Amino acid sequence: WKEVNVYQIYPMSFKDSNGDGIGDIQGIISKLDYLKELGIDVIWLSPIYRSPNFDMGYDISDYCSLDPRYGSIDDMHQLLKAMKERGIKLLMDLVVNHTSHLHPWFLQSSSSKLSPKRDWYIWRPPRIDESGNRHPPNNWDAIWGGSAWEWDENTQEYYLHLYLKEQPDLNWENIEVRRAVHELMRWWLDKGVSGFRMDVINLISKPEGLPDEPLENAGFTVFPVSIPNGPRVHEFLREMNEEVISKYDAMTVGETPWTHDPAILARYVKPSSKELNMVFTFHHVDIDGGVENSWKPIPWKLSSYKQIINKWQTYMHEHEGWNSIFIENHDQGRSLSRFGNDSAEYRSISAKMLAVGQICQGGTIYVYQGEELGMANVPPSWGIEEYKDVATQSYWKAILEKRRENSENPDMSDILKDLRKKARDNARTPVQWDDSPHAGFTSENATPWMRVNDDYTQWNATQQMNDPNSVRFFWKRALAFRKAHPVLIHGSFRLISPSDERVFAIERQHGDVTAIIVINFSGINVNFSFPQDSKIPKGLKLQLSNYENTDETLENISPTLVNLRPYEARVYL
Ligand code: NOJ
């Protein structure tokens, strides 16, 4: 699991095989050769379970059956067989901080205070104020706004939901809940899956007594800072490891947001902890989001970005930890439009530059569907009706309502502009397979569940598979290059010129191999000189570059100076 190339599939948008406008399992099977050719070893599949889809499958109503729109268990067996034939493994998405409100467990739990499943969720009586008014048990906000507590008329108590009210949080303090989770994990492992990506796994243990969040942290989209990495989370994960993971030698990656301290996350992944193989930290992708409002893009500096990457790379390397390397997933705007340059002139070169930035970091690498094609954020001309994510829509509605207090028809163009950068919808447009109608994602007469990005006639997989200069070709080369050079996966990490605002320069070392990576994040020519004290060994050779005609090497120019073109990225070994 350290050296594998992982690819994330967001099933609804990947490939539709039956013309209903929604991606499905047979669609995935039809693209396995494409993934194999790219160099993929492991697929992380976002949820495909039965779900009312309030949050795109992250609200599960049955862990052991599938959303019929994706296919049947029989299709799943076919997928596993076809993957096995190609030597590709499957990670399922384990969403067990919460279920759907329509899961039979919650239906039973909410049916009566006396239900044997009552304690499977987090129920509390109201707080009653001096005037006899009812209030939620504490001041926690749900992640996308509003209280994290929902009143249940039937049983006269509140239940906790850190996400939507349709996503009630499970009570992990209850051993029966944990056993049920272990059982469903075994069920999937017995079917032949190889491990799990664990959704918001650092939220499963809630702070004791569910205390109020300090008021200074309360706000619209601010998440209660006291909730992540709760008191029993490590105990719960060790137990899960002992009961399930270790017995199957399964691969695990935990999603652990709202944690910017590597010391806290390293605890989850040190071998001696016997918990998880690795976690996803979000520190680097939080860099262009506000603390008070993650949908509002803020300017970012390369020096800060480098510092964040450096912090995680060096900490994990020095403390027996392990990193997950990613810059895109289904919750993030496209990296090209945030960290690269999606203009016609620089799109291809900057997408390749970002690829170098990824493959040169230590850890296990994750590529998100479409990232290998340089897919970009949605175009400026799209209206709010094209954005389908519940988080986007509730954010929009809340602001609209507020603005309507002052004007009947408020200007919302600034919000749309923000969403164009940061909304999760940007990553969820259908994959662009070819230049036929709907980009070959679904059949011609179908209506895709989400609009295909307008640029698909120029930016699609078929066109790129035929062009040796394409982003797709480059990603394939870069992934193979990484595998061939363990220094990139396992090596130490040292920043060169940390305060340079244009160039990301790194030295990696492993055994007697040294790698020097120089990446121009800017759209201008830069003469980058290594600092006097760099101690760069002589004779390093250029081995990977995103420009075709790179004739300079560290050998035949001054060893301390590299002339970089816009978004040029080079790896010397
Ligand atoms: C993280 C998932 O990646 C996201 O898509 C989802 O909305 C939340 N967890 C809630 O499950």
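Predicted model: local features only at pLDDT ≥ 70, side-chain atom pairs only at ≥ 80, totals over all residues.
Residues are numbered from 1 along each chain as its sequence is written, and side-chain values use heavy atoms, with hydrogens and water left out.

The ligand is surrounded by 13 residues, a residue being near a molecule if one of its heavy atoms lies within 4 Å of it. The closest are Asp-55, His-98, Asp-199, His-330 and Asp-331. By class, this shell comprises four nonpolar, two polar and seven charged residues; Ala, Val, Leu, Ile, Met, Phe, Trp, Tyr, Cys and Pro count as nonpolar, Asp, Glu, Lys and Arg as charged, and the others, Gly among them, as polar. Because domain 1 (1-95 + 323-385 + 424-484) and domain 3 (195-320) both give residues to the shell, the ligand lies between them; the domain bounds come from an automatic or database domain assignment.

Oxygen atoms of the ligand lie 2.5 Å from an N or O atom in the side chain of Asp-55, 2.5 Å from a polar side-chain atom of Asp-331 and 3.0 Å from a polar side-chain atom of Arg-424. Taken alone, the ligand exposes 290 Å², of which the protein buries 98% (accessible areas by the Shrake-Rupley method with a 1.4 Å probe).

The count of cavities of 30 Å³ or more is four. A cavity is a set of points, on a 1 Å grid over the protein atoms alone, where a 1.4 Å probe fits but cannot get out, and lining residues have an atom within 4 Å of a point. A volume is the space filled by probe spheres set on the points, which are joined across faces, edges and corners.

The largest cavity has a volume of about 100 Å³. Its lining includes His-283, His-284, Trp-312 and Phe-326, and divides into five nonpolar, seven polar and no charged residues. Helix H8 (302-318) gives the most to this lining, with four residues (helices are DSSP runs of H or I with at least four residues, and strands runs of E with at least two, numbered from the N terminus). Domain 1 and domain 3 each supply at least three residues of the lining of the largest cavity.

The second largest cavity holds about 80 Å³ of space. Of its 13 lining residues, Tyr-305, Gly-357, Gln-361, Phe-504 and Phe-521 lie nearest its centre. Ten are nonpolar, three polar and none charged.

Definitions and conventions. Polar contact = N/O pair within 3.5 Å; in protein donor to acceptor, adjacent residues only side chain to side chain. 1 Å grid on protein atoms, 1.4 Å probe; cavity = no way out; pocket = protein on both sides within 12 Å on 5 of 7 lines; lining within 4 Å.
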